[in-house]
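Subject: Structure handover

Hello,

Here is the structure for you to look over. My notes on side-chain contacts and helix packing follow below.

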Amino acid sequence: MSKVLVIGCGGVASVAIHKCCQVSEVFTELCIASRTKSKCDKLAAELAPKTATKITTAQVDADDVQQVIDLIRSFQPDLVMNIALPYQDLTIMDACLACGVNYMDTANYEPEDTDDPEWRAVYEKRCEEAGFSAYFDYSWQWAYRKKFEEAGLTALLGCGFDPGVTQAYCAYAKKHEFDSIDTIDILDCNGGDHGYAFATNFNPEVNLREVSAPGSYWENGRWVEIPAMSIKRQYDFDQVGQKDMYLLHHEEIESLALNIPEVKRIRFFMTFGQSYLDHMRCLEDVGMLSTVPVEFEGQQIVPIKFLKALLPDPASLGPRTKGKTNIGCIFTGKKDGKEKTYYIYNVCDHQACFHEVGSQAVSYTTGVPAMCGALMLLTGQWKKTGVYTVEEFDPDPFLEALDQYGLPKNESWNPVLVK
Ligand code: NDP
C-alpha cells in the first residue's frame with residue numbers, strides 16, 4: 001500500500017508507470033506530474049480502465065523546487081520517482097529533503113546550461129582532479145549523502161538499465177560468482193531498426209551529449225580518456241548477431257570503481273550503426289549539438305533543442321522498431337583461487353515491448369528497472385538511509401523482480417571476451 005509521485009511523462013516514465021500499474025497491490029496510488037500535463041492526462045486515461053492503481057495527474061515545473069515541494073505536500077507520497085531529465089535531479093532531491101520523502105532517479109545530474117560560470121568552475125576543477133571530462137558525474141548527488149542520512153531518507157540513484165541493472169549484475173557477480181573481480185566490460189547493444197536514417201532512442205539532448213563526448217575507462221585506479229568513438233570493437237551478441245561497438249564514458253563506471261575497489265579495469269561499450277555515426281558527426285561539425293544559444297531572426301535558439309524538435313519523438317519509434325537489445329556485463333576474476341569468466345545479460349525484443357506497453361525496448365529496459373527499484377524501496381527489501389547507487393544494495397530480490405516483470409537474465413560461464 002503506497003503512494004508514489006512520478007515526475008516526468010516521457011518514454012521511460014510511460015513504461016515505468018505502465019509497470020507500476022501492473023503491481024497495484026504495492027503501487028496503490030500514483031500521481032503522474034510533468035511539465036506538460038496533457039501527456040499525463042492521456043496516459044492516465046489509457047491506464048485507468050486496466051488497473052486497480054488510483055491515478056491522478058498534475059502539472060509541475062521540476063526546475064522550481066518550490067513547485068515540487070507544493071506538489072509533494074499536497075499529494076503526500078511515500079516515494080518520488082524522478083523520471084524527468086537529469087537536469088532536475090538536484091531540485092527534486094532538495095524538495096524530497098524539505099518534505100521528508102524518499103527519492104529515486106534513472107540518470108545522474110548534469111546541468112542544462114553547461115556554460116553557467118558557477119557550474120563550469122566546479123566542472124573544470126573536477127576534470128583536472130578526476131581525469132574525465134563528461135558533463136555528468138556523481139559528485140553533485142553524492143554531496144547529499146549526509147543530508148539524506150540525517151533525514152532518515154533514501155535516495156536511489158540511476159535505477160534504469162545502464163546505469164542500474166548493470167550495477168546489480170556487478171553486485172550479483174561479486175556476491176555469487178567471484179571472490180575478486182579483475183575486469184568488467186559493460187556491453188550495450190541495440191540491434192533494433194526503426195527505419196529512419198537518424199533518430200535517437202531516448203531524449204535526443206541527453207543521448208547526443210553522451211555519445212559525442214570523449215570516451216573514458218577506468219584502469220589501475222585512474223581514468224583513461226580517449227577521443228570520442230576512437231576505440232571500436234566487434235562483438236557477436238546472442239540473439240542479435242555481430243555489431244560494431246564503441247567505448248564510451250558511462251556514469252556507472254564511476255560508482256563501480258568506488259564500490260568494487262579491487263577491479264583493475266572497467267569499460268563501457270555501446271553499439272552504433274554507421275548511419276547514426278555519420279549523421280552525428282555532421283550535426284556536430286555544423287554546430288547543431290551545441291547547447292549555447294544563438295540569435296536567429298531576433299530569437300534566441302539553442303541548436304540542440306531545435307534539433308530535438310526536428311527529430312522523431314523517441315516515444316514514436318515503438319511501432320516501427322524491430323529487433324532486440326542485448327545489454328549485460330562480462331567479468332573476469334577469481335573464485336577459490338581459480339581464474340574464471342562470467343557473462344550476465346538481458347535480451348529484450350522491441351516489438352514484444354511495444355505490444356505490452358506501447359514503447360520500444362530502450363524505454364522498456366529503463367522503465368522496468370525503475371519500477372523494480374521503486375518496488376524494492378516500497379516493500380523495504382532495500383532499506384538504507386543515505387544516497388546510494390544500485391550496486392550498494394542486495395542484487396537478489398531486484399534481479400528476481402526483473403525476471404518476473406519482463407527483463408529476465410541470461411548467463412554464460414564461457415563468454416567470448418572483448419579484446
Ligand atoms: P523524455 O524526454 O522522453 O521525457 C522526459 C520527461 O520529463 C517529459 O515528460 C518532460 O516533459 C519531462 N520534463 C522535462 N523537464 C521537466 C521539468 N522541468 N519539469 C517537469 N517535467 C519535465 O526522456 P526519457 O523518458 O527518454 O528519459 C527520462 C530519463 O531517463 C532521463 O533522465 C534519461 O537520461 C534517463 N534514461 C536512463 C537510462 C538508463 O538506462 N539508466 C536509459 C535511457 C534514459 P515534456 O513532455 O513537457 O517535455
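**Aromatic pairs**

The structure holds 21 aromatic pairs. Rings of Phe, Tyr and Trp (its six-membered ring) count as a pair if their centres lie within 6.5 Å; planes under 30 degrees apart are stacked, over 60 edge-to-face, and the rest tilted.

Helices (H or I, at least four residues) and strands (E, at least two) are DSSP runs, numbered from the N terminus. Tyr-342 is buried, at 0% relative accessibility. Trp-413 is partly exposed, at 46%. Here buried means under 20% relative accessible area, exposed over 50%, and partly exposed in between (1.4 Å probe, protein chains only).

The rings of Tyr-343 and Tyr-345 have centres 4.6 Å apart and planes at 40°, so that pair is tilted. Tyr-343 is buried, with a relative accessible area of 6%. Tyr-345 is buried at 9%.

Ring pairs also join Phe-178, Phe-331, Tyr-342 and Trp-413 into a cluster.

**How the model was read**

This is a predicted model, in which local features need pLDDT of at least 70 and side-chain atom pairs count only at pLDDT 80 or more, while totals for chains, interfaces and linings use all residues. Residues are numbered from 1 along each chain as its sequence is written, and side-chain values use heavy atoms, with hydrogens and water left out.

**Salt bridges**

There are 21 salt bridges in the structure. The criterion is a side-chain nitrogen of Lys or Arg within 4 Å of a carboxyl oxygen of Asp or Glu.

Arg-126 and Asp-137 form one of them (3.5 Å, N to O). Arg-126 is in helix α5 (residues 117-130), and Asp-137 is in the loop between α5 and α6 (139-142), eleven residues apart. Both Arg-126 and Asp-137 are buried.

Lys-174 meets Glu-262 in a salt bridge (2.9 Å, N to O). Lys-174 is in helix α8 (residues 165-177) and Glu-262 in the loop between α10 (251-259) and β12 (265-271), so the pair ties together parts that are 88 residues apart in sequence. Lys-174 is partly exposed, with a relative accessible area of 32%. Glu-262 is partly exposed too, at 27%.

Lys-409 and Asp-403 form another, with the closest N and O atoms 3.1 Å apart. Lys-409 is partly exposed at 25% relative accessible area, and Asp-403 is partly exposed at 32%.

A network of salt bridges links Glu-112, Glu-205 and Lys-305.

**Charges over rings**

A charge sits over a ring if NZ of Lys or CZ of Arg is within 6 Å of the ring centre and within 35 degrees of the ring normal. The charged end of Arg-320 sits over the ring of Tyr-196, 3.7 Å from its centre. The charged end of Lys-147 sits over the ring of Tyr-144, at 4.7 Å.

**Helix packing**

Helix α14 (residues 361-378) packs against helix α15 (residues 395-405) at an angle of about 130°, with axes 9 Å apart. Axes are lines fitted to C-alpha atoms, for helices over the stretch in contact, and angles run from 0 to 180 degrees between N-to-C directions. α14 and α15 are therefore oblique to each other. Angles under 35 degrees count as roughly parallel, over 145 as roughly antiparallel, 65 to 115 as roughly perpendicular, and the rest as oblique.

Best regards
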